Amino acid sequence: MNNMHQSAIHCVLLFSGFVLLAHADVCCADDFFRERVVPVLQRRCLSCHNDVQRKGEFSLQSAESAFDDGYLEPGDAAASHLVDVITPTNGKAEMPKNSDPLKTEEISAIRKWIDSGAKWPSDFKLQEPVIADFDWWSYQPIKSPSVPKINDPWVRTPIDSFVLKTLNQKGLSHAAEADRRTLIRRVTFDLTGLPPTIEEVDAFQNDSDPHAYEKLVDRLLESKHYGERWARHWLDIVKYADTCGYDKDKLRPNAWPYRDYVIRSFNEDKPYARFVQEQIAGDVLFPGEPDGILGLGFIAAGPWDFIGHVEVPESKIDGKVARNLDRDDMVSNTINTFCSMTIQCARCHNHKFDPLTQENYYGLQAIFAAVDRAERPYDLDPKVEKRRRELDSQLKQFNAKLSTLEKTIADAGGPRLLELNQQIKELKPRLKTEKEPQFGYHSAITSGSTTEKWVVVDLGRIVGVSSIVLRACHDDYAGIGSGFGFPIRFKVEISTDGQDWKIVRDQTMEDVPNPGLTAVELDNINLNARHVRVTATKLSERSSDYIFALAELQVFDTNRDNVAHGAKVAALDSIEAPVRWTKKNLTDGLWAKAGDPTLAQQLVQVVKERAEILAKIETPERLKEKDSIQKSITKAQGDLKSLPQGRMVYAAATQFKTQGNFKPTQGTLRPIQVLHRGNVQQPDHPATAGMLPLSRSGDWRIEGETTESQRRAELATWLTDRDHPLVWRSIVNRIWQYHFGQGIVATPNDFGRMGAKPTHPELLDWLAVQFRDGDQSMKQLHRLIVTSGVYRQSSQDNEANSGIDGSNQYLWRMKRRRLEAEEIRDSILTVSGAMNYQMGGPGYYLFELERVEHSPHYEYHKFDPSDEASHRRSIYRFIVRSQPDPWMTTLDCADSSQSTPKRNETLTSLQALSMLNSKFNLLMAERFATQLELESDNLEAQVEKAMLLTTQRKPTELERKQFVAYAQKHGLPNLCRVMFNLSEFVYLD
Amino acid sequence: MHRREFLSQAGTNFSAFALAAMLHDESFAESTGAVQVLHHPPKAKRVVQLFMGGAASHIDLWDHKPMLEKHHGAKSDFGEQVETFQNGLGPWMKSPFKFSPHGQSGKMISEVVEPLGECVDDIAFIHNMKGKTGVHSQATYLQATGFQRPGFPGMGSWVSYALGSINENLPTFVVLPDHRGFASNGPKNWGSAFLPASSQGTAIFPQRENPIDDLLPHAKYVTKASDRDGLELLNQINGQYQNQRVGDSRLEARIRSYELAARMQLSAPEALDISGEPKHIMKMYGLDRIGATYPDTINASEEAEYFGRKCLIARRLLERGVRFVQIWSGNDNSHPRRNWDSHEDLERDHGPLARGMAVGTAALLKDLKQSGLLEDTIVLWTTEFGRMPSTQGSKGRDHNPYVFTNWLCGGGIKGGISHGPSDEWGYKPLHRSNPTEVYDVHATMLHLLGIDHKRLTYLNDGIDRRLTDVHGHVIQEIVA
């Protein structure tokens, strides 16, 4: 598509609203067209038949294109091809393709419009339908509702007033307060994810202080375990894992600092705005502070396609797709998490239900246009950074000097040198090389060209040698290509015993031009030999360093047979990086071949001529100077390398170590286009960076030229704007949901029209205001919620109430819940006495890790659960994205490839099998038994203790009898195995 | 009830079928799925999906190309700029394998899949499958889950979710991975993602000491008696807990789940035990050399043994009421190659892999047919994409996401046909604007199972998710 056309569409998109307004008072035929025909065409036809796609060579976007194609006969619907294809026979129509036919009234509207002349205002262009209606609860400004005045002794907090008001309206009654044992079990799990200890339960049950419960809540909120529990909720939403996912599923050894950052942020009760800002643009807004960088782990938390980024370049379609999906993950993670809006629906088309357009979507992609997911340092020492900057600037100076010098040399070479350089540049790509993955032998890398390196081939027996052939390598590394690593000076020697050597070619006194891919042949040797040695005395340059590489060494006997094929190879040193580089590649019969021998020969000639010119103009002074500059560069580079790197975190980054095709942008914004149907091969027009629109008149664009960091900073500021209607409601709703099992809005990631409406809209706003205008303290919000009468209710059923509100959405009782996978695992470790409460650090494995170098294998079935490193809280386990822990998955643990704002709670026989028979459960049951036996040798006491630890109550007389009888018959470990499977162990009343 | 409430209580729905199951005094009970009433009469109730990890070449197995034989070695010319994954645009390369006609339909198939010659009259080939990407991971996701990226349920999960279990004593959805390891994406290809965990695939490794993790207790202190008495004790204590908490069907369902688990402990080992299979059946599945030692290099008889064992177990599982079985051939992309990603040497890898696969697959089809099960079991053979008709290196083929082959067989499929040709080179569909996509295959399979693919939805994060996303149409031409 040409640029003119593009910008035309752009204008129409920007001004379509204006066009509609300007023509608001046209005649009624026009109205009929706009009201009855346009919506149908927009909804059912335009996605294929537009000016970009033109499926079936037909576009319905404008009058011009629609009539040009002859599908419409104005005034005669019956003769119009369009009517033919949309009219169904036997319930099926040709168009819309593979879809339900248009409704009868839609077809008759189109017929009527055609029959009456098919009037289509010439300047009117169809656009994809846009939802422009912001008349939806979540877009309304947050009100500050007054607390309902209710005089009821049950009311402890304003929350209770709001809830009771609704209960009264619905004819529901609240439940009685739960008993103390239930309360301490409930609130301890909710706030810390762990069971209360026997002593804690005792103390609370016997505390006569009227504020005993409030004291308990304060203690729990001060516990370091609070952050461990609530960080897990956050990590579910943001898709945190310790591997990349996709093919190969490479490890992210430094993702955990972000996980620890989240735990610490919760424990420190970081104000929410600050928490949000750090995760979007902490590096920009809080420079020099580690949390500003650690927070950026948020942007990098989701999956990443190694192959699509490292192995496929950005220029290829698959590379573009991978990067488009990568930004899509960043955009949806941000908007789902903080705004609870399903922005990802607008990647291929305007959102069908909410006022989010493709323009908005790609505007958000443009904010993340320069960031990638990679490791970056987060705790840099300012002194070290100063030194780093000094060295960087030195390096720049040396490089400038070097290029000046090289220019002087080039100038001295005159126009012929320029010509030769040009020819080499052109010839190289024309020489289509054919090569195998096995490149050849490659020495270790050194910093000087004069280090001697040798490689020797042992033929295994003495052979009459007629000729020897050396073949150079081909490697695109540093743009070198043919002749890669071939020595500038060298000698070839032979020997029958490996002791006495005879030189058969001496090139040590004079530079040899690089042979490229032509063979270097040593003919007419006619001597006996068993060993052939090549010694490089002047190495060729790689990239400011030096190596010796050779693809193949052939030794021909008098019958012209290559007797070196498969022969043993030894060398002074070798980088050994198979399959490309390994010693035995030197005699494997494989070497890179130039496609066209004439071109190859031509290249050798040109290279040779250039070498001759260079030899003349490279005076000893110049060479000395060049050498000295190069030494300074090497030293500065070495110094830079030896500077402490700082600890690393996997986060959003614009600077990082290049890995194959995965290169840092250095902050340069990638051009972001609005993609037709989300297809990278159909870019429509450049996107303008911007936010979500929050109202019809709201300006969502980021104005003017902005850098990538400014864009993220703007986004972070916008997300924490006091008047943001979505952000504050979103977070208080999430916290509410984790306490009650369902949000005030039941769809925590979707406040749009496909989501649920709030059950208690005033309460939601009241909470949002309290939270926003207080200290944005989550702990205060928890305190407010868990000290309410609503939260303290019993979970017992009430038939009258459940008849009215079976799903308990109005909270007439507390919801009984099953513990989450982590809570179950942590409880088992705790009651068995195996738990190590050490916080933070790299994740521990629950699998054996094999074959890390290529595609890591995560072998769960080989893991030994007695490994003490794994007896820590579940939040610290190493989470494998492609192979989630089977035990955890069976218990409904979140899938780290999708945002999980609310976990499923299922019941399956596989869960029963995991809880009964997993190696972990069986081992811990044994530990549990040992622990009980250590504390008492009386079985009755052991049984009582086991019950108290697992359920926080004493067994009933009947239970005691049953447990004792079972333990007597089968031993205590078997009883402990049973205890882990009690419903009461895994359910919270 | 509002649909959203219904979904949010997916856990509690368990009770409904748990109760129904308890009322049935049968050795195995069905459970209902989310599709309570099928959308139309089904032609099939079970599925087998055979997945060739690494991308199996259509033009070397099923899609015969005389043009390649004619122009072998000539400079390839695609008539347009082609973007390959690596650099496989060498000369045209004919298949190293010979093709010959089979069956009434005279279908030309390659010598390496010759055992399937006897089955071609029951098979519908689709030669114009078109992918979206040449990247293994994304393409595998696309064929396995209908989406190009992680986070979506596998096809087996959707079917399990929709239809529930035929026999609750066995998992509804079983996966038999390659014995060497997982293909690209590993278990994410059969995960339940946002669907209830009960719909996830259960991986079974027949060659392992514990083919199903956690099926049985491996601890010295657990005996048969302690296990049995323990379950009885649990039943009582959990029963008391439930009685004190009326109106919570989950607690009852949980008790029931332990009973089901106990039944599965008996059913699963029996289903996996092939020792009672007659000799001729073992031979048919390539299992007449069990215990043999094999060379280090890839070889056909070893492939046949491992793949054949999975096929035989698949048949036993289907007979016993497993709803969906997925069998994998090929592990990840490490070296030496043990998957279908033949960049270097097609004959070396495809030869033994295909011969092994064909022995087991042909045995499975014939065996299902003779027992009548094939009538309501759909078998799908698939892979993530095809391979180029030009060479890579001198003996390999690069990725071809532009066209590849699927085939289906059994349960309502019209046999002996080839639908949707590829072009004369096997480079793209012959009719480029009208290819078949994974959505169409999935829509067709759901259709045969009695499900309208547009009506099988699950609300996740504000989006009504479907296996077929927003695409797909039933391929009427291959429906009998």
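Residues are numbered from 1 along each chain as its sequence is written, and chains are lettered from A and ligands numbered from 1 in written order. The model is predicted, so local features need pLDDT of at least 70 and side-chain atom pairs pLDDT 80 or more, while totals for chains, interfaces and linings use all residues.

Me: Why are α16(A) and α17(A) called roughly perpendicular?
Reply: Axes are lines fitted to C-alpha atoms, for helices over the stretch in contact, and angles run from 0 to 180 degrees between N-to-C directions. Under 35 degrees is roughly parallel, over 145 roughly antiparallel, 65 to 115 roughly perpendicular, the rest oblique. Helix α16 (residues 317-339) and helix α17 (residues 358-367) of chain A cross at roughly 105°, with axes within 9 Å. The pair is therefore roughly perpendicular.

Me: Which residues make the contact between α16(A) and α17(A)?
Reply: Contact requires C-beta atoms, placed from the backbone, within 7 Å. A:R327, A:V331 and A:I335 of α16(A) meet A:Y361, A:L364 and A:Q365 of α17(A).

Me: How do you know whether α16(A) is mostly covered or exposed?
Reply: A buried residue has 20 or more other C-beta atoms within 10 Å of its own; 12 or fewer is exposed, in between is partly exposed. In α16(A), 21 of 23 residues are buried, and the helix is mostly covered.

Me: What span is expected of α16(A), and what does it reach?
Reply: The expected span is 1.5 Å times one less than the number of residues. With 23 residues, α16(A) reaches 32 Å, close to the expected 33 Å.

Me: What makes a nonpolar core, and how many residues has the largest?
Reply: It is a set of buried Ala, Val, Leu, Ile, Met, Phe, Trp, Tyr and Cys residues joined through C-beta atoms within 7 Å. The largest has 173 residues, and B:A314 and B:V325 have the most contacts inside it. Helix α10 (residues 346-371) of chain B gives the most, 10 residues.

Notes
Helix = DSSP H or I, 4+ residues; strand = E, 2+ residues; numbered from the N terminus. Contact = placed C-beta atoms within 7 Å.
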